[in-house]
Amino acid sequence: MEIVFPRCCGLDVHKETVVACLRLQVPGEEVHKEIRTFSTMTDELLVLYDWLYAHGVTHVAMESTGVYWKPIFNLLESQFEVLLVNAAHIKAVPGRKTDVKDCEWIADLLAHGLLRGSFIPPVPIRDLRDLTRLRKSLIEDRTRVINRLQKLLEAANIKLASVVTDVMGASARAMLSALLEGVIEPEALADLARGRLRQKLPELRRALEGRFRSHHRFLLEQLLSHIDFLDESIARISEEVVQQIVPFQRQVELLCTIPGISRKTAEVLISEIGTDMKRFPTAANLASWAGMCPGNHESAGKRYSGRTRKGNSWLRRALLEAAWAAARSKNCYLFSQYSRLVARRGKKKAAIAVAHSLLVIAYHVLKNQTPYRDLGVDFLDKLNLQRLQRYHVRRLENLGLKVTIEPLQEAA
């Protein structure tokens, strides 16, 4: 096979060591391989950097092993073309597996141009991605703590969640603070309700009559302090995101023109896929990378399960949240798409289809740097106008009615 990269290196990365296979091939000469093992400490990685630079290496490839590839990638990306490769794509023939054989196999594949690097965004996008992912994790932690708080109230015979929609709302939080201060009378607690919740005072008095002991008070204090800490952390991270997203403010505003996409969702989209769409030749490539398109499984002329494969889970969750919001936005194309699919495919598959459409729309919005222009809620009907007419005429005739269709202009 043709040699694409005559001076390259394959790395087998572990937590404490990295085994490197330097592969050099000069025309007319045999392949020269040199294998060395380095520590993953920074000083040893700098030695690896100098060793590769001294031999004129142009391309380096390594497997995506958890987070252990990151320190190596950070040091080598400035000088070399570094390919981070999915480990499932470069599995060697089973048997005789060693670290040395692994790095040799990676080097051979790289030299022949058989490896395809994963998408690694530039440093500003990677920093933004760290913030948005941490914020999402803290929000999930906050939800878990709130659920634990609800279980505590149930254990204390306080049925607040049965009357109040949000146990962390202003009224409910005032009642919980009063419980911490020693107020246990249902009438006094229910009187702290605000706004429309005061219409439920009788139900609140019944729900707040429990068996709240000092043990429950101690646990409630710990849970509320944890929630306050998480709220403060989430707010600080959101402020940092706002500061780091400033260079991409234009792209955020463009993405916010898409139904269902809020500012936070736009921040997640930019942190996960970046703003330069040249990395993805088409919207279909982006959807495949994100795992938001049907799978391809066909054998012997039969098509099997088309379930979506595992892709970017952070991006997937953000798109699904936006899809549910878009499905509730009236008078837009995405609403009509969801309505047509939900009846025959179910809510979850319809939401996946809308999320796929959102990703395709975001791709074109970022690529063309233009705001979203909605196709209209009747776009799908106009595509099959005659078929839709025949369907409704047939339904009316089945009900025993005679139907005559006239264009609206002539009827007027």
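How many helices and strands are there in the protein? In this predicted model, whose residues are numbered from 1 along each chain as its sequence is written, local features need pLDDT of at least 70 and side-chain atom pairs count only at pLDDT 80 or more, while totals for chains, interfaces and linings use all residues. Side-chain values use heavy atoms, with hydrogens and water left out.

View 1. The protein holds 17 helices and seven strands, taken as DSSP runs (helices H or I, at least four residues; strands E, at least two) numbered from the N terminus. Its radius of gyration, taken over C-alpha atoms, is 29 Å, well over the 22 Å that the globule rule (2.2 Å times the number of residues to the power 0.38) gives for 412 residues, so the protein is more spread out than a compact globule. The C-alpha trace spans about 90 × 75 × 45 Å along its principal axes.

**View 2. The largest nonpolar core.** This set of buried (under 20% relative accessible area, 1.4 Å probe, protein chains only) Ala, Val, Leu, Ile, Met, Phe, Trp, Tyr and Cys residues, joined through side-chain atoms within 4.5 Å, has 82 residues, and those with the most contacts inside it are L160, L204, L255, I258 and L358. Helix α14 (residues 347-368) supplies the largest share of this core, eleven residues.

**View 3. Surroundings of L358.** Leaving aside neighbours within four places in sequence, L358 is in contact (heavy atoms within 4.5 Å) with I258, P259, I261, L319, A322, A323 and L334.

Terms used:
Buried means under 20% relative accessible area, exposed over 50%, partly exposed in between (1.4 Å probe, protein chains only).
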